[in-house]
Amino acid sequence: MITTLSEQPDAVANAAGIAVRCDRVVKEFGEGENRLRVLHEVDVEVPAGELSLLVGPSGCGKTTLISIIAGLLDPTAGDVTLFGTPRSTLSERELIAYRAANIGFVFQQYNLLPALTATANVAIPLLIGRVDRKTAFARARELLAQVGLSDKFNTFPAQLSGGQQQRVAIARALVHEPRLLVCDEPTAALDAQSGQTVLELLCRVAVQPDRAVIVVTHDNRIFGYGDRIMEMADGRIQAVHQRDTTSPSGDAPDGPHAQDADPFGADPHSVLA
Amino acid sequence: MNWVAWQMLTGDRAKYWGTIFGIAFGTLLISQQTALFVGLMRRTASQIEGVREATIWVMDPEVQNTDEIRPLSDTDVYRVRGVEGVSWAVRHYKGLARARVADGRFRQVMLMGLDETTMIGAPVEMLLGSLADLARPDGIIVDRSGFEYLWPGLEPQLGLELEMNDRRAVVVGVCRAGAPFQTFPLVFTRYARALEYAPPERNRLSFVLARAAAGRDTAAVCQEISTRTGLLALSRDEFFWRTIQYYLRSTGIPVNFGITIALGFIVGTAIAGQTFYLFTLENLRQFGALKAMGLSNLRLVMMILLQAGVVGSVGFGLGMGVTAGFFEATKNVPHLTGFYLPWQVALGTAGAVALIVVLASLVSVRRVLVLEPAIVFRGA
């Protein structure tokens, strides 16, 4: 079952180490009269060892918040602390290096390089980290095997299905063993079956005790996979729902928490409206 | 990441070859037209280059180029010889004559009259016969291209006859010589005989060819000759450039060639730039993803410059290869004698291509530099 953290303040303290902490994060776009505040002093914490879902309607600020967490956008005010390192203490160059070493990305549109094979695509984060190509490719093949694509090492993205491309993207996001995995609508471009496969894969491969996984989604089919659901609306975190891991249903092996797939009641969009 | 850049570049074969084609086309136009232009300009002064022994050319002060000559008095050669610092000075005739071959056809020829004793200005490379044969009665030497003009289809041979100014001339030699600006056969003969072949005039000495004495500065001797004789004395280089500058000033040749060369540059830049930019645009999300994954701007720029460098090098090689092939294939065509690919043109073209590549990649570089990595979090 899922409970609301606001009703159980001690839950955060009881969770594993905090991976991401947002302190009064504000983001504004534009200047003068055209200034638009997209995030309003967002305070949120994401623990390691869990798969956290960031949900909310379109335009509520999910993408902006995740971009700031991932170090792709600068906050207008406030700060983000990643594994104990305040972002404000990092120079631009240090931030890029930090991102390369500690953050993995899974994108809605996969963003695989069409000219590269699956192996080469997966190896990119290691190549960015200046690992030699032979070592990087060997490690990439290991990851591809983990995501069930042992027979697709030399296949180009155009020859893969959407689900297979997303699995390649997951392998790419994990190949350099990042401490934070950021997934942007990873199932939005996939059919139900492929989406389920990808989420199961994320739960099985990505979630590690020392790694946080944040998935931005408005796909209610995957709500059941989250250990924690952070609900956003109008640039604010409206509620954080934490799965009760002591529940017998908490670790259902075939689609985690399947019976809790709808944490918000019969209509998952009811609280998002 | 250089390997990734290479794979990205060659992954889309159509765009890869499209960009290369643009650069190769630009290279071909620039190098071939520039080489033709340089060759054409050299041809205007090829008779000056051909006289290697003389370092000083003395002429009427009004002379602007080698083809429009106001003759000197025959005695001017003695006046030049009398100037201090002149090692030697000889007569030289250069003019046009109408030649008629045995079957009645006419051809305008460029007649070169050489000093009887020294043969200063004689062709250096004889293909048939020898220079000494000019001593034979009515002997003339014809250049290889001129032979083809006068006797088309005939293999170069000696003993053929032609008629100039109602006087008989016999081919006693065939030589290789720098082709003139116009497609006139070059006919070399002794000075006195050249005057017989040339149309009658009161004065017929075209130039006095001279050389400064050992240890004397050529420019100073030229100045001395001009002062003492009232004639114009120029060093060989000065006269070479004076002639070329005359043609640059007085003809539309530089403008026409310049337009073609500029078009080559513009078209090459446009094709290469557009194709390369499209390539970058299509990969913009991928570049954004690379940025998000931690690739620095510097390394991204290096990737783009590497891609531009590769297409630039391959395109330059192909274009220059076609140009070199053109000049190799046409080197024996008579009316293209004197045209070749100077290394300076190849080097200059390489510079132009480098500029094309830089211009073509600048827009792409800028686009990638200002690219927000957060673009990757937006849907298609």
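The legends below describe close-up views of a predicted model.

**View 1. The open sheet of chain A.** Four strands of chain A make up an open sheet, ordered β3-β2-β5-β6, with antiparallel pairing. Strands β3 (36-47) and β6 (85-86) of chain A are at the edges; each has a single partner strand, so one side of each has no neighbour in the sheet. Helix α2 (residues 62-69) of chain A packs on this sheet and touches β2 (18-29), β3 and β5 of chain A. The direction of helix α2 makes about 120 degrees with that of β2(A).

**View 2. Strands β5 and β6 of chain A.** Strand β5 (residues 77-82) of chain A pairs with β6(A) through two bridges, in the antiparallel sense. Leu82(A) lies opposite Thr85(A), a residue of β6(A).

**View 3. Strand β8 of chain B and its partners.** Strand β8 (residues 186-190) of chain B has four of its five residues buried, so the strand is largely enclosed by the rest of the structure. Strand β3 (residues 106-114) of chain B runs parallel to β8(B) and is joined to it by five bridges. Here Leu114(B) has Arg190(B) of β8(B) as its bridge partner. Strand β5 (residues 139-143) of chain B pairs with β8(B) in the antiparallel sense, over two bridges. In this pairing, Ile141(B) has Phe188(B) of β8(B) as its bridge partner.

View 4. The side chains of Glu142(A) and Arg139(A) form a salt bridge, at 3.0 Å from N to O. Both belong to helix α5 (residues 133-146) of chain A; because they are three residues apart, about one helical turn separates them. Glu142(A) is partly exposed, at 44% relative accessibility.

View 5. Asp76(B) and Arg79(B) meet through their side chains in a salt bridge of 2.8 Å, N to O. The two residues are three apart in helix α4 (residues 76-81) of chain B, about one turn of the helix. Asp76(B) is buried, at 6% relative accessibility, whereas Arg79(B) is partly exposed, at 38%.

**View 6. A salt bridge between two loops of chain B.** Glu84(B) and Arg216(B) form a salt bridge, with their closest N and O atoms 3.9 Å apart. Glu84(B) is in the loop between α4 and β2 (86-101) of chain B, and Arg216(B) in the loop between β9 (207-212) and α7 (218-229) of chain B, so the pair ties together parts 132 residues apart in sequence. Glu84(B) is exposed, at 54% relative accessible area, and Arg216(B) is partly exposed, at 39% relative accessibility.

**View 7. A salt-bridge network in chain A.** Salt bridges link Glu28(A), Glu31(A), Arg35(A) and Arg37(A) in a network. Over all chains, the structure holds 23 salt bridges.

Key
Residues are numbered from 1 along each chain as its sequence is written. Chains are lettered from A and ligands numbered from 1 in the order in which they are written. This is a predicted model: local features need pLDDT of at least 70, side-chain atom pairs count only at pLDDT 80 or more; totals for chains, interfaces and linings use all residues. Side-chain values use heavy atoms; hydrogens and water are left out. Two strands pair if DSSP finds at least two bridges between them. Contact means heavy atoms within 4.5 Å. Axes are lines fitted to C-alpha atoms, for helices over the stretch in contact, and angles run from 0 to 180 degrees between N-to-C directions. Buried means under 20% relative accessible area, exposed over 50%, partly exposed in between (1.4 Å probe, protein chains only). A salt bridge is a side-chain nitrogen of Lys or Arg within 4 Å of a carboxyl oxygen of Asp or Glu.
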